[in-house]
4 protein chains.
Amino acid sequence: MKKMSANWFWEFVTPHLIQQFSISDIIYNGMTKYQSVQVIDTPGFGKCLILDGKIQCSESDEFIYHEALVHPPMITHPGPETVFIAGGGEGATLREVLAHSSVKRVVMVDIDRQVVDLCRKYLPSLSQGAFEDGRVELLHVDALKYLEDTKENFDVVIIDLTEPLEEGPSYLLYTREFYQGLKDKLTPDGLIALQSGSTSMIIAFGFTAVANTLGTAFSIVAPYQTEIPSFGGTWGFAVASQNLDPRELLPEEVDRRISSRINKDLRFYDGITHRGIFSLPKYLREEMNRDKRIITRDQPLFTY
Amino acid sequence: MKKMSANWFWEFVTPHLIQQFSISDIIYNGMTKYQSVQVIDTPGFGKCLILDGKIQCSESDEFIYHEALVHPPMITHPGPETVFIAGGGEGATLREVLAHSSVKRVVMVDIDRQVVDLCRKYLPSLSQGAFEDGRVELLHVDALKYLEDTKENFDVVIIDLTEPLEEGPSYLLYTREFYQGLKDKLTPDGLIALQSGSTSMIIAFGFTAVANTLGTAFSIVAPYQTEIPSFGGTWGFAVASQNLDPRELLPEEVDRRISSRINKDLRFYDGITHRGIFSLPKYLREEMNRDKRIITRDQPLFTY
Amino acid sequence: MKKMSANWFWEFVTPHLIQQFSISDIIYNGMTKYQSVQVIDTPGFGKCLILDGKIQCSESDEFIYHEALVHPPMITHPGPETVFIAGGGEGATLREVLAHSSVKRVVMVDIDRQVVDLCRKYLPSLSQGAFEDGRVELLHVDALKYLEDTKENFDVVIIDLTEPLEEGPSYLLYTREFYQGLKDKLTPDGLIALQSGSTSMIIAFGFTAVANTLGTAFSIVAPYQTEIPSFGGTWGFAVASQNLDPRELLPEEVDRRISSRINKDLRFYDGITHRGIFSLPKYLREEMNRDKRIITRDQPLFTY
Amino acid sequence: MKKMSANWFWEFVTPHLIQQFSISDIIYNGMTKYQSVQVIDTPGFGKCLILDGKIQCSESDEFIYHEALVHPPMITHPGPETVFIAGGGEGATLREVLAHSSVKRVVMVDIDRQVVDLCRKYLPSLSQGAFEDGRVELLHVDALKYLEDTKENFDVVIIDLTEPLEEGPSYLLYTREFYQGLKDKLTPDGLIALQSGSTSMIIAFGFTAVANTLGTAFSIVAPYQTEIPSFGGTWGFAVASQNLDPRELLPEEVDRRISSRINKDLRFYDGITHRGIFSLPKYLREEMNRDKRIITRDQPLFTY
């Protein structure tokens, strides 16, 4: 007992489930204009970014989250040149996008400039210089408004936002209205990808509803999941498109595209991983068939 | 704050990670001759069995654990008739085994009679009458000793034990010596299956070492994993055999065998699930290549 | 680590301070018409009553709370015959009142009949048969309304209510308006006593404000405190009266009155205890001088 | 829920009771040669010093602990000139001793130089320059050995050590053998004072056993207690002497001595406080009568 850690970060995963990490340091603790921000150091997961009390990423396993979010749509596309990122202030999504040699232009819109600055200062391993890349245009405005106004089309759009909580406006980016507007911002072979919350069985409602809602705008929706230890279990994602289905790529083709297009070693994603993450367990597929919810502006979805 | 749950079960997943469930009732709280036993009721996971302070299964997701442990080896075998179960006192592993219509005889050895009785009384949904099945021989002796002494051979052996902790003797069933003795207890096409602990990245050492150690006795070792929410993340398993590799079964063949052999609806396991659980992410496969540890009686492995 | 208790009750003492007890059983867990009720068993404090998530009393130290609430006003009075109790559903305040041989009539008003019944069933050591005493009239109506309507006068009035939280109506019994009405319900030498919340330094605001507010109706106000372990620190009380000051009683006189009037052994209260509980530390007396707040219906006080 | 603090310090008060503070910063986190040291900042208690996982003092209420430890023996003595302090690395005990104008020489022995240095750096409000006072001799050696070897006698000896845990040698300073050696190091009117652990009812065993053990060496032993919020309840102390009994000082005499001898304002201690802290509640006095334990080197006492 005497050796037990004394200082702990805790997070409500659900009202009935708490996850606690021991912490060795509180590196930063403050408020931006939009949210509370903490950077903590932990023996189990390394440095972690906490926004509004919820863990966003840890040094030890952020590679899983960011490779899982970025590479399935990028590899499914035959040769993505233009990419839009909504959110992603840590810079790690940008880092993975820029590893694709076909990419010529990335527009990244994250409203909270201070989070971007804090991550560059305290968590530089996340962006690894990505913000200095000449292909990047970084804007601190409302991503929803930007997408409505822009005349530009993108090959891949990546929505890398915090969960839709009641307090914040991010819920608008999880609605049918948003997805239907978004499809006109894609090039013909364009894809979007997003995270859709925990798929630990008892709280997977976001995962299925988001997939349903994507289905009102896109003819192909491919949900997938992977374990992210610091998130306390498996996490859901989805790729959506009018033409391209990532589930049709064989492992060998995925590996071939990785080696010809990506200029660094990946740790999480390859052909077998690709096959695994799209092979959802039966209970999740059945839940997806049962659940008919569509998320709209009038009937939004909020997570815990 | 006022609505927050007041009563919580907590478990150290690692020395630096705690998982807490809210609890609505403590149904049983006592000691057997071998271990402490609790049956608690929880809003998040239903009733849970706790042995020596560690969760063994919850009503809400035990189907994942037990289907994942039983069906991969049983389906990979062309027609299993005799099965040996070490441990498995809850009766749910037995329940899944008996669902295979080819099974003619099951020997189940769990040293702790009281746990079996407590589970039948307080958690009857786990065994669902399996102990009354005429094909079952249930013994409360030392499984290790029983296997050493028996002259019988089995088509499938399932090791369903608690984690190897320093205090208990179960660590002996995770050693090279045990696996080498075990291979002579199998029929020519025989398989064994076991759980090998958490595969949440930061504590996966058991998973890789167990697979290595199986490799000293069996020519084919197929590790796999699946999310089990109440265990706090992904959990590892392995199937081992001299002749049969579950990774060679296509989803369609798995589904065909399920429908011809299993006389109930499965919730977790089918062909796509089978493909998914054996498609480990790249970082786990690489860790498996790096790790050379072999577990022996002289150099045993203990989990937290 | 392995021997650590697995099940815990926790309570927010303040937003920044949590107290956790290990629990061995949840004996009762339900809702009455007015509040949530739990009876839990704990290795440290025995059985505990929890209302709306806050501990009300524990078997191990309820004698401190109830002797501290009842005997200072009863012993200060020259010979109390009639007593009114607001709240006190556990029956332990009633038990202590009835130990005074001078008492002829007790009116106890607790609106929540179910709490009274649950305590008689699950915590019988609290009332010890007090509800069967022929001197007692027990009513389940609104205590505030009853006191407004009654024409009866009492020698001692004891307010034994939960803390004034925003949700409930008990805050009305902590206001100037209530105390000014109450003074007309007392006999000329009458006294009132009440609990006034934690006096652990950082959250003593209730203690001083309640004393101030009593001072608007009564010429003598004597605040006091004692440690109550299961409450997580020292707890405040006050006696108020127009004529009698408990601080003028010497220890010897307290002991003399106890032996001539109380027909059982006390565990907490005697002459030296009396002197100690009214001898507040300097910082509390100074805070009392500084604080000028008066609690009114328009400016009520809510505790955490 | 969303506003709940995310980072917490927790301490086992007993195996069945945990106290958690929310923390806003971890200012220092390291190991000295003798113990682990943390300086944390908390919204509830200000900055806190943690040694080996146990809170030693908080900025918000250290004045209670240090005034309670120092002034009762110093004021009971007719004019203390020489003082020995064992432990007390924070410098706050020294600060209170030096406030007595009669003091000419203080020998302070704390084996852990690093703790002294860390407190001067991170918690300067504790020592407030005391270490620079010309009357002070500060040594970093074993206090037990120093006292055995010294030929010097002292008017007041203050033992300001951490609790006696099994791991450390401080338990030797809580034994009959130590107290019997110590009495020869005092001047004829000399007194010693020490802290003796929690007096929250359920874990007061140290308090009574220490008082008993002091009684084998000193003819007068005066135990006392006071609430220390950050310690989670009331805390025990004792003054021992051959000639002088603090309980015989009337409040007025205490106040007279304070004003003539102490050159600063006290926040906790005065005449009424003095009377209150020595007026123990009946159950503690009765426990003291019941308990016959004597602590010896062969039968030491360890706290949790």
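The dialogue below sets terms against values for this predicted model.

Trainee: Where does H1(C) bend?

Mentor: H1(C) bends by about 30° at C:Ala68. A proline, C:Pro72, follows within four residues.

Trainee: What makes H1(C) mostly covered?

Mentor: A residue is buried if 20 or more other C-beta atoms lie within 10 Å of its own. In H1(C), 14 of the 15 residues are buried, and the helix is mostly covered.

Trainee: Which strands are called the edge strands of the open sheet of seven strands in chain C?

Mentor: The order of that sheet is S9-S8-S7-S10-S11-S13-S12, with mixed pairing. Strand S9 (136–139) and strand S12 (220–228) of chain C each pair on one side only, and these are the edge strands. From one strand to the next, the twist averages 15°.

Trainee: In what sense do strand S10 (residues 154–160) and strand S11 (residues 186–198) of chain C pair, parallel or antiparallel?

Mentor: Two strands pair if there are at least two bridges between them. S10 and S11 of chain C have five bridges, and their pairing is parallel. Within this region, C:Val156 stands opposite C:Leu191 of S11(C). H1(C) packs on the sheet, where it touches S10, S11, S12 and strand S13 (233–241) of chain C. The direction of H1(C) makes about 155° with that of S11(C).

Trainee: What is the order of the open sheet of four strands in chain D?

Mentor: The order is S3-S4-S5-S6, and the pairing is antiparallel. Strand S3 (25–31) and strand S6 (54–58) of chain D are the edge strands, since each pairs on one side only. The twist averages 20° from one strand to the next.

Trainee: How many bridges join strand S5 (residues 46–51) of chain D to S6(D)?

Mentor: Four bridges join them, and the two strands run antiparallel. D:Cys48 has D:Ser58 in S6(D) as its bridge partner. Helix H3 (residues 113–122) of chain D packs on the sheet and touches S3, strand S4 (36–42) and S5 of chain D, at about 20° to the direction of S4(D).

Trainee: How do you know that chain A and chain B are related as by a two-fold rotation axis?

Mentor: A rotation of 180° with 0.0 Å of shift along its axis superposes chain B on chain A, with an RMSD of 0.0 Å. The two copies are therefore related as by a two-fold rotation axis.

Trainee: Why is it said that these copies meet through the same surface?

Mentor: It is said because 100% of the interface residues of chain B are also interface residues in chain A. In this interface, 37 residues of chain B are in contact with 38 residues of chain A. The largest share of the side of chain B that touches chain A, six residues, comes from S2(B).

Trainee: How far apart are the nearest C-alpha atoms of chain A and chain C?

Mentor: They are 6 Å apart, and the two chains do not touch. Chain B and chain D do not touch either, with their nearest C-alpha atoms 6 Å apart.

Trainee: Why does C:Asp52 count as partly exposed?

Mentor: A residue is partly exposed when its count falls between the limits of 12 or fewer for exposed and 20 or more for buried. C:Asp52 has 19 C-beta neighbours inside 10 Å, so it counts as partly exposed. C:Asp52 lies in the loop between strand S5 (46–51) and strand S6 (54–58) of chain C.

Trainee: What is the phi of C:Asp52?

Mentor: C:Asp52 has a positive phi of about 45°, although it is not a glycine. Most residues other than glycine have a negative phi.

Definitions and conventions:
Residues are numbered from 1 along each chain as its sequence is written. Chains are lettered from A and ligands numbered from 1 in the order in which they are written. This is a predicted model: local features need pLDDT of at least 70, side-chain atom pairs count only at pLDDT 80 or more; totals for chains, interfaces and linings use all residues. The bend at a residue is the angle between axes fitted to the seven residues ending there and the seven starting there. Copies are superposed by least squares on the C-alpha atoms of residues with pLDDT of at least 70 in both. Two residues are in contact if their C-beta atoms, placed from the backbone, lie within 7 Å. Axes are lines fitted to C-alpha atoms, for helices over the stretch in contact, and angles run from 0 to 180 degrees between N-to-C directions.
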